[in-house]
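Subject: Structure handover

Hi,

My notes follow below it.

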Amino acid sequence: MFFKRKAQKRKKDNLLLLQSLNGREVKYVSVRDPDTYSETIIGKYGYINVYGDKLFITCEGKEIFSHPLKGITAGELMSLDGVNLRYFDTDQGRELTVVAYYKHHRK
């Protein structure tokens, strides 16, 4: 009974975080290998867009990542310089992590 409320709040917070990423400019995007914990850069200089019920990341005019919001778990990095996007990849049969590092404008 009590855990159901927490799970609903967590889903709502996750959806709000994903929607707040719309229009966010990114410096680069990488994929983490769950076996070796290494990161491979898949794109640089782009944007995160949320359109309808899907999240898209485009870098240098190419779509490098798209996934329905329903299947993504998001969490900001402790430094607040980026976001982890975890999802289950049906092609590989395992959970993968995409990390998008934000671009900051310093004044």
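Asn84 is buried, at a relative accessible area of 10%. Buried here means under 20% relative accessible area, exposed means over 50%, and partly exposed is in between (1.4 Å probe, protein chains only). Before you go on, note that this is a predicted model: local features need pLDDT of at least 70, side-chain atom pairs count only at pLDDT 80 or more, and totals for chains, interfaces and linings use all residues. Residues are numbered from 1 along each chain as its sequence is written, and side-chain values use heavy atoms, with hydrogens and water left out.

Asn84 sits in strand E6, residues 82-89. Helices (H or I, at least four residues) and strands (E, at least two) are DSSP runs, numbered from the N terminus. The contacts of Asn84 are Arg32, Thr73, Ala74, Gly75, Leu77, Thr97, Val98 and Val99, leaving out residues up to four places away in sequence. Contact means heavy atoms within 4.5 Å.

His67 is buried too, with a relative accessible area of 16%. This residue belongs to strand E4, residues 62-68. His67 touches Lys54, Leu55, Ile72, Tyr87 and Phe88, again not counting residues up to four places away in sequence.

**Salt bridges**

Side chains of opposite charge can pair when their charged atoms come close. The rule used: a side-chain nitrogen of Lys or Arg within 4 Å of a carboxyl oxygen of Asp or Glu. That gives four salt bridges.

- Lys103 pairs with Glu25 at 3.7 Å, N to O. The two are 78 residues apart, with Lys103 in the segment after strand E7 (94-102) and Glu25 in strand E1 (residues 24-32). Lys103 is partly exposed at 33% relative accessible area. Glu25 is partly exposed at 23%.
- Asp33 pairs with Arg94 at 4.0 Å, N to O. Asp33 lies in the loop between E1 and strand E2 (39-51) and Arg94 in strand E7, so this bridge ties together parts 61 residues apart in sequence. Asp33 is partly exposed, at 27%. Arg94 is partly exposed as well, at 30%.
- Arg94 also pairs with Asp35, at 2.9 Å, N to O. Arg94 is in strand E7 and Asp35 in the loop between E1 and E2, so the pair ties together parts 59 residues apart in sequence. Asp35 is exposed, at 56% relative accessibility.

Asp33, Asp35 and Arg94 therefore form a linked network of salt bridges, given the cut-off above.

**Nonpolar core**

In soluble globular proteins, nonpolar side chains tend to be buried together. A nonpolar core is defined here as a set of buried Ala, Val, Leu, Ile, Met, Phe, Trp, Tyr and Cys residues joined through side-chain atoms within 4.5 Å. Which residues of the largest core touch the most other members? Out of its 21 residues, they are Leu18, Leu21, Leu55, Ile57, Phe65 and Leu85. Helix H1 (2-20), E1, E2, strand E3 (54-59), E6 and E7 each give two or more residues to this core. E7 gives the most, with four.

Best wishes
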